[in-house]
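Here is a short tour of a two-chain complex, written to be read alongside the structure. Please keep the viewer open as you go.

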Amino acid sequence: MTAVPISWFLTLSAVLFVLGVAGFLFRRSVITVFMSIELMLNAVNLSFVTFSYQLKEVNGHLFAFFVMVVAAAEAAVGLAIILTVFKNRGTLNIDDVDSMKN
Amino acid sequence: MDVILFLIFAVIAVVCAINVVVQTHPISSAISLVGVMGSLAVLYLLLGAEFIAAAQVIVYAGAIMVLFVFVIMLLNAGAESKRGRSFMAQLLGAPLLIALLGLLAYFVQRLFPRSVAVHFGGFTHGTPLDIGRALFTTYLLPFEVTSVLILIAILGAIVLARKEMD
């Protein structure tokens, strides 16, 4: 047995996605929350590439590429927002940035 | 051989991903995330996605993570304060996440029985040639829109992060 079942790749993708969700929900540092989002995007990319292999088409690779581009744009803007929030509030804890709650 | 490679790098990816979530210091999380991305690049190569593997290493592990580490250093972010999470998250978080994982794994197993198998070299159309051809014919409009999106992101980042000059 030398070939890997395709469901293993998809299960790995699901595990990584759930870990990303866990980090997003449980962590309090805004930078780590942001990294969890990147982890989820990576998991979805693995699914895209796996489906591309299954269908023997290149389209999934293009989608993974676009996800990467959007992730890069999102990281640039998001980290700039984090910088601004830190400059104005002096904290990275998301529980302390709750002025929209009231 | 393919199974061994897959298992090695899948285990590395999952262990690093767990490390991302449980480490309290952001810089440890960032380094673990680089580990996840590197092992995912190897898995992309296994799936025949050469271009995406290279882009993963360059764009994700290179550019984006350097940006993260840069911001962590710039803000001098220390270890996360251990404060109580909300009651609902404590009570329902873990069971709901396990339920989500179980549901995803169940449907994956149901929808994709073991008939399709991945072996190295089974898909050879992930080269930069094929990607480029698809990108500049079928996906030309999304590609151009993407360049506008990047431009807007650059402008937004500069506007947000600059010092007030007046």
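The sections below cover confidence, the contact between the chains, and helix packing in each chain.

## Confidence

Please bear in mind that this is a predicted model. For the complex, the predictor reports an ipTM of 0.89 and a pTM of 0.90.

In chain B, the mean pLDDT is 87, and 93% of the residues score at least 70. Looking at the elements of chain B, H2(B) has the highest mean pLDDT, at 93, while E1(B) has the lowest, at 80.

## Where the chains meet

Chain A brings 61 residues to the contact and chain B brings 73 residues. On the chain A side, strand E1 (4–5), helix H1 (6–26), helix H2 (30–55) and helix H3 (59–89) each supply at least two residues. The most come from H3(A), which gives 20 residues. By residue class, the side of chain A that touches chain B holds 44 nonpolar, twelve polar and five charged residues.

Strands also link the two chains. E1(A) is joined by two bridges to strand E1 of chain B (residues 117–118), and the two strands run antiparallel.

## A helix pair in chain A

Now turn to H1(A) and H2(A), whose axes come within 8 Å and cross at roughly 165°. An angle over 145 degrees counts as roughly antiparallel, so H1(A) and H2(A) are roughly antiparallel to each other. Their crossing is left-handed. The contact of H1(A) with H2(A) is made up of 16 nonpolar and nine polar residues, with no charged ones.

## A helix pair in chain B

In chain B, helix H1 (residues 2–22) packs with helix H2 (residues 26–46) at an angle of about 155°, and their axes are 8 Å apart. That angle makes H1(B) roughly antiparallel to H2(B). The crossing of H1(B) and H2(B) is left-handed.

Which residues of H1(B) meet H2(B)? Among them are Leu5(B), Phe6(B), Phe9(B), Ile12(B), Ala13(B), Cys16(B) and Val20(B). The H2(B) residues they face as a group include Leu33(B), Gly35(B), Val36(B), Leu40(B), Leu43(B) and Leu46(B). The residues of the contact of H1(B) with H2(B) divide into 14 nonpolar, five polar and one charged.

Conventions: Residues numbered from 1 in each chain as written. Chains lettered and ligands numbered in written order. Predicted model: local features only at pLDDT ≥ 70, side-chain atom pairs only at ≥ 80, totals over all residues. Contact = placed C-beta atoms within 7 Å. Helix = DSSP H or I, 4+ residues; strand = E, 2+ residues; numbered from the N terminus. Nonpolar A, V, L, I, M, F, W, Y, C, P; charged D, E, K, R; others polar. Pairing = 2+ DSSP bridges. Axes fitted to C-alpha atoms, helices over the stretch in contact; angles between N-to-C directions. Parallel < 35°, antiparallel > 145°, perpendicular 65-115°, else oblique. Left-handed = near helix turned anticlockwise from the far one by under 90°. pLDDT = per-residue confidence, 0-100.
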